[in-house]
Each structure stands twice: as structure tokens, then as C-alpha cells.
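Hello,

Here is the structure I promised to pass on to you. Have a look at it first, and then read my notes on the contacts between side chains below.

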Amino acid sequence: MSLLAVNNLVVSYGGIEALKGISFEVEEGQVVTLIGANGAGKSTTLRAIMGLVSVKSGSITYDGQDITGLDTQKVVSRGIAMVPEGRRVFANLTVLENLKIGAYLRKDQETILQDIEHIYELFPRLKERSWQLAGTLSGGEQQMLAVGRAMMTRPRLIMMDEPSLGLAPLVVKDIFGIIRRLNETGTTILLIEQNANAALHAADLGYVMETGTITITGTGTDLLENEAVQEAYLGKRGR
């Protein structure tokens, strides 16, 4: 059984269908990526799963239970977290305060502190800047903080929306190293990423989205070798 299954999902904004009946699955322990141009419906997909937009039809199943239309807080409590596009850390709060906000649904104070220490082990730079205001961090550090904040919900599935957006190439390498480490610790990851090359190298499975539909499916390796994907998303021209 898949950890996450999206079946014939339709989402409309006004009279325009942003998602036109997409279906895909995420197995536990996988890194799965959705790639495609701006406006393809990738972010809408994540927002629908998180209960941030209304679903017109279709279903979303998580861990065998239908979560279609659940409010966001209930989705988080089921074990799904999201790292939003643009990081959206609380700029006027410290690193530590941002992490504690990630645990707002939890009551287990002792394990919350243990989880913060675990995040500091994963991201030593956050520990060094524990009392620094999040708004003064670099873009890469803010992305680490956004990931750490999501981890504080103890999710089984983390969804990431454009984690490398606006970051320097060396920092992008660090971010994908973090994604790999998270996955190695047992966290399942659903990734949206404009950097298709990096995303497909990291992914077990990939889906190509175009104007609200899924057009190509394959392993990360298969999609890296697919001529249509190479031409459209990897900057390589077909023969």
C-alpha cells in the first residue's frame, strides 16, 4: 500500500482547471519529484494535499485513510509536513523560536527538546545561530530552518516546494545533501523543483506535469535519459 495516493484529482480556480484529474503514488521511504514549467500545477498539487485549496473531485489517501478536504491542521497531525516555496520563516523570531513553532501541535515537551537537538546535529549552522533572528540568516540557512521547522511535526512525509529556488549552486548542493540525509533517516519526500536535473538525480520516481496533467512517469534515471525530458527540462537538444 502506498503511503500517499492521489487519484483523479481535479482542482479549479474560478472556471479554470489547474489540475485535470491527476493520479500518482508515493511509496513509503521514497523520494518522488514532480517537475514541470511554471503553471503546470505542481504547487497546486501540494496545496491540495495540505488542505490549502478546495478539491473539486478525486481523492487523496494517506496511510490508507482518505484525507481529501481535511483542514491543514488535521493533515499535519496525520504526519504530513510542508516546506513552502520561499521558505517563509518567521523573520522576527529566533531560530529556536521558529523550531518550537513547528511543534505547536505537540505536548511532549521533553521529546520536543530532543528533536531540536537532533535538528541541530543535522544542521550545525542552526545551532550556532540558535538565538539569531531568522530574517538575518542567509537564504541557505533559512531553507535549513524551514526544513527543521517541518521536521518538528515528526512527519512521515515531507513535501518541499522549490527548495533550491534563488540559492547559489553550492548551497543547492547542500540542500540536496540534506534531502538525501532526511530520506536516509526514513522520511518520505515529495519534491517540487525547477532544477529538474538535481531533482531527478535525487528521486526514486518522477512525474512530469504539463498544464494540470501528468504526461510522463518514470524512475529518476529513466527520466534523465528521456529525450523529451532532456530537451524540455535539462537544456539538452534532441538529435
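A salt bridge here means a side-chain nitrogen of Lys or Arg within 4 Å of a carboxyl oxygen of Asp or Glu. Please keep in mind that this is a predicted model.

By that definition, Glu 28 and Arg 156 form a salt bridge, with their closest N and O atoms 2.8 Å apart. The two come from distant parts of the chain, 128 residues apart: Glu 28 sits in the loop between S2 and strand S3, and Arg 156 in the loop between helix H6 and strand S7. Both are partly exposed, Glu 28 with a relative accessible area of 47% and Arg 156 with 29%. Together with Asp 63, they make up a network of salt bridges.

The whole structure holds 8 salt bridges. Another of them joins Glu 17 and Lys 56, at 3.8 Å from N to O. Glu 17 belongs to strand S2 and Lys 56 to the loop between helix H1 and strand S4, so this pair ties together parts 39 residues apart in sequence. Lys 56 is exposed, at 57%, whereas Glu 17 is partly exposed, at 35%.

There is also 1 aromatic pair. The ring centres of Phe 24 and Tyr 207 are 5.5 Å apart and the planes lie at 55 degrees, so the pair counts as tilted. Phe 24 is in strand S2 and Tyr 207 in strand S9, 183 residues apart. Phe 24 is buried, at 3% relative accessibility, and Tyr 207 is buried too, at 7%.

Enjoy exploring it!

Best wishes

Terms used: Residues are numbered from 1 along each chain as its sequence is written. This is a predicted model: local features need pLDDT of at least 70, side-chain atom pairs count only at pLDDT 80 or more; totals for chains, interfaces and linings use all residues. Side-chain values use heavy atoms; hydrogens and water are left out. Rings of Phe, Tyr and Trp (its six-membered ring) pair if their centres lie within 6.5 Å; planes under 30 degrees apart count as stacked, over 60 as edge-to-face and the rest as tilted. Helices (H or I, at least four residues) and strands (E, at least two) are DSSP runs, numbered from the N terminus. Buried means under 20% relative accessible area, exposed over 50%, partly exposed in between (1.4 Å probe, protein chains only).
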